[in-house]
Amino acid sequence: MTPLTEPEIRAAFVNCTKGEAKRLHVPRDLGTRPWDDLDFLGWRDPQALDRAYLVAVPDGRPVALALRRPSPGPGRQRRTMCSVCLTNPVGGVSLMVARKAGKAGQQGNSVGIYLCDDLACSLYVRGRKDAGPGARLPESLTLEEKVERTRSHLTAFITRVTT
Ligand SMILES: [Zn+2]
């Protein structure tokens, strides 16, 4: 994806208030992120473990989402697969919940998705980050096809949040 700047990312949030978008945590190392290998940039707030964010450019325009990770109850060791990259990374998969954009969100509507806890889906798909033994099922798809599938899963989630 095209590298994005902090102001571009803050301006791209669709499901939080302008004030929240101004204050929320954006990584400081944007200049060194492997943008060429990213379908989306995702990150966690180091100060608030239940918060995560992602930004993608689904239709030529950046769209950023604020996500909440509901605190896991006891017995959380359920093995779940990431809905975006179909990986079961050793770092875990979390249910992340996004408030819907606009009026629906103000009325309390949200949508959830299972995502790699570290939001490194793009790197797992490309084999740029080791997800651990058995984390990815062997597939006959080409890398391009896997990347395409990852992007379409993410775009479908963004559409669920924004419509
Ligand atoms: Zn993933």
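**Working chat on a predicted chain**

Biologist: What share of the contacts in the chain, counting residues at least 6 apart in sequence, join residues at least 24 apart?

Modeller: In this predicted model, 63% of the contacts between residues at least 6 apart in sequence join residues at least 24 apart, a contact meaning that two C-beta atoms, placed from the backbone, lie within 7 Å. Local features need pLDDT of at least 70 and side-chain atom pairs count only at pLDDT 80 or more, while totals for chains, interfaces and linings use all residues. Residues are numbered from 1 along each chain as its sequence is written.

Biologist: How many helices and strands are there, and in what order do the elements run?

Modeller: There are 5 helices and 5 strands, arranged α-α-β-β-β-β-α-β-α-α from the N terminus; these are DSSP runs, helices being H or I with at least four residues and strands E with at least two, numbered from the N terminus.

Biologist: Which strands does E4 pair with?

Modeller: E4 pairs antiparallel with E3 over 2 bridges, and 7 bridges join E4 to E5, again antiparallel, where pairing requires that DSSP finds at least two bridges between the strands. Arginine 68 stands opposite valine 97 of E4, and serine 94 has leucine 115 in E5 as its bridge partner.

Biologist: Is E4 enclosed or open, and why?

Modeller: E4 is largely enclosed by the rest of the structure, because 5 of its 7 residues are buried. A residue is buried if 20 or more other C-beta atoms lie within 10 Å of its own, exposed if 12 or fewer, and partly exposed in between, with C-beta atoms placed from the backbone. Over the chain, buried residues make up 29% of the 163 residues.

Biologist: Which residues have the most contacts inside the largest nonpolar core?

Modeller: Leu54, Val55, Leu65, Cys116 and Cys121 do, in a core of 37 residues. Strands E1 to E5, helix H4 (121-125) and helix H5 (143-162) each supply at least two residues of this core. A nonpolar core is a set of buried Ala, Val, Leu, Ile, Met, Phe, Trp, Tyr and Cys residues joined through C-beta atoms within 7 Å.

Biologist: What does cysteine 121 touch?

Modeller: Leaving out residues up to four places away in sequence, cysteine 121 touches Cys82, Val84, Cys85, Thr87, Cys116 and Thr150.

Biologist: Switching to glutamate 144, is that residue buried or exposed?

Modeller: Glutamate 144, which lies in helix H5, is exposed, with 8 other C-beta atoms within 10 Å.
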